[in-house]
Amino acid sequence: MLTEPNTNLSDTELVKCCQTNNRAAFRLLYRRYQRRVRSTLYQLCGESMLDDLVQEVFFRAWKGLPKLRKPKTFSTWLYRICWNVACDQRRAFAQLREQKQILAQQEPSLNSADLNTMHYQQLVQQGLQALTFEQRAVIVLHDLEDVPQKEIAHILDIPTGTVKSRLFHGRKALRDFLEKQGVVL
């Protein structure tokens with residue numbers, strides 16, 4: 001019989017409960033992190049298939065929790081899973097894009113969207129999409145998810161200096177993109 005764990009338990013305590021196959025503890029971790037995971041994946045991969053990607057992250061987390069040796073690093077570990085799922089999705093998008101390009105060569109081109117009707121958030125989203133995937137990941141984690149640079153370095157398995165460099169160049173590229181779109185910063 002599973003008992004509902006105390007909602008005030010720390011991540012470490014909940015992870016240890018999960019490692020004893022306590023599904024109620026995992027449900028609490030899910031509730032605690034699903035918005036962050038969803039937001040991160042939205043910024044990295046867009047709206048398409050977002051529910052499936054979030055589900056994939058937590059499925060991988062559930063499967064991997066028994067092997068997590070340092071429960072206190074749960075959030076970093078979960079963001080790493082997010083990153084891996086986003087990379088997998090990116091590869092799938094690249095393959096899909098290639099297929100669409102082949103099909104587009106066979107069809108007449110579509111009209112471009114009217115930029116004057118775009119919402120500011122859509123412009124930011126477009127700006128993020130214009131960045132390299134690596135720059136976007138760092139900006140999403142640091143500027144939108146408030147993950148410290150050192151933790152981002154650990155999640156992405158890169159030096160902290162590289163995180164700082166990607167932040168600098170990504171922010172500059174995003175600023176340039178928004179200014180080109182007529183946004184006054």
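**Exercise 1.** What percentage of the 185 residues in the protein chain is buried?

*Solution.* Keep in mind that this is a predicted model. Start with the cut-off: a residue is called buried when its relative accessible area is under 20%. With that rule, buried residues come to 38% of the 185 in the protein chain.

**Exercise 2.** How many helices and strands does the protein chain have, and what pattern do they follow?

*Solution.* Begin by counting: the protein chain has eight helices and zero strands. Next, read along the sequence, and the pattern is α-α-α-α-α-α-α-α.

**Exercise 3.** Which residues line the largest pocket, and which elements give two or more of them?

*Solution.* Let us take this one in steps.

1. Find the pocket: the largest one holds about 240 Å³ of space.
2. List its lining: L44, C45, R90, R91, F93, A94, R97, Q129, F133 and R136.
3. Assign elements: α2 (23-45), α4 (74-104) and α6 (133-144) each give two or more residues to this lining.
4. Pick out the main contributor: α4 gives the most, with five residues.

**Exercise 4.** How many nonpolar, polar and charged residues are in the lining of the largest pocket?

*Solution.* Go back to the lining residues, which include F93, Q129 and R136. Sorted by class, the lining has five nonpolar residues, one polar residue and four charged ones.

Note on methods
Residues are numbered from 1 along each chain as its sequence is written. This is a predicted model: local features need pLDDT of at least 70, side-chain atom pairs count only at pLDDT 80 or more; totals for chains, interfaces and linings use all residues. Side-chain values use heavy atoms; hydrogens and water are left out. On a 1 Å grid over the protein atoms alone, a cavity is a set of points where a 1.4 Å probe fits but cannot get out, and a pocket is an open set with protein on both sides within 12 Å along at least five of seven lines; lining residues have an atom within 4 Å of a point. Grid points are joined across faces, edges and corners, and a volume is the space filled by probe spheres set on the points. Helices (H or I, at least four residues) and strands (E, at least two) are DSSP runs, numbered from the N terminus. Ala, Val, Leu, Ile, Met, Phe, Trp, Tyr, Cys and Pro count as nonpolar, Asp, Glu, Lys and Arg as charged, and the others, Gly among them, as polar. Buried means under 20% relative accessible area, exposed over 50%, partly exposed in between (1.4 Å probe, protein chains only).
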